[in-house]
Amino acid sequence: MSCAIVGFGNIGQALAKAFARNGIEVSVATTRDPESFASAAAAIGPTIIPKKLAEAVKADIVFLAVRFESHRDVAKALPTWQGKSIVDVTNAYGVSPEELGGQALARASQMEASGLA
Ligand SMILES: NC(=O)c1ccc[n+]([C@@H]2O[C@H](COP(=O)([O-])OP(=O)(O)OC[C@H]3O[C@@H](n4cnc5c(N)ncnc54)[C@H](OP(=O)(O)O)[C@@H]3O)[C@@H](O)[C@H]2O)c1
């Protein structure tokens, strides 16, 4: 069972530390080349593996740790998300109800990520 964290900011790095504390391998990805955050990943631990986004999203379980406005771009990284487990840690702070389409955040982003919206 492979895991990846998409987004390596405050929350992505906090998640990565939790994986590292337990010695669990996890890929991490942002919009940038993995080399640009390799030293930050290495500082957390040897089980934190920087990858390109397209590679990281091949994991069985994907932790979504980007700002809400970026989730649509992440959704485009795969032709379909059907069958994949997504742990969505984003929240709607500062996001207007209009942008959420009147739905709860989790439902809105999960539907979009799975190509259902
Ligand atoms: N559940 C909770 O308890 C909790 C608590 C606080 C915050 N949050 C939520 O967690 C999310 C992340 O917050 P944060 O403070 O960690 O944000 P942040 O520090 O701004 O980090 C966002 C990360 O996402 C990456 N990113 C942006 N666009 C991307 C894309 N299209 N593909 C891949 N990576 C992308 C950014 O990297 P680059 O821009 O370099 O590519 C950056 O590493 C937010 O939605 C926030 O509301 C949740």
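## Basis

In this predicted model, local features require pLDDT of at least 70 and side-chain atom pairs pLDDT 80 or more, while totals for chains, interfaces and linings use all residues. Residues are numbered from 1 along each chain as its sequence is written, and side-chain values use heavy atoms, without hydrogens and water.

## Pockets

The largest pocket has a volume of about 420 Å³. A pocket is an open set of points on a 1 Å grid over the protein atoms alone, where a 1.4 Å probe fits, with protein on both sides within 12 Å along at least five of seven lines; lining residues have an atom within 4 Å of a point. Of its 17 lining residues, Ile11, Ala65, Val66, Arg67 and Phe68 lie nearest the centre. The lining comprises 8 nonpolar, 7 polar and 2 charged residues.

For the second largest pocket, the volume is about 190 Å³. Its lining includes Val66, Arg32 and Asp73.

## Salt bridges

The whole structure contains 2 salt bridges, each defined as a side-chain nitrogen of Lys or Arg within 4 Å of a carboxyl oxygen of Asp or Glu. Lys58 pairs with Glu55 at 2.9 Å, N to O. Lys76 pairs with Asp73, their closest N and O atoms being 3.6 Å apart.

Lys76 is exposed, at 66% relative accessible area; exposed means over 50%, buried under 20%, and partly exposed in between (1.4 Å probe, protein chains only). Lys58 is exposed at 52%, and Glu55 is partly exposed at 41%.

Conventions
Grid points are joined across faces, edges and corners, and a volume is the space filled by probe spheres set on the points. Ala, Val, Leu, Ile, Met, Phe, Trp, Tyr, Cys and Pro count as nonpolar, Asp, Glu, Lys and Arg as charged, and the others, Gly among them, as polar.
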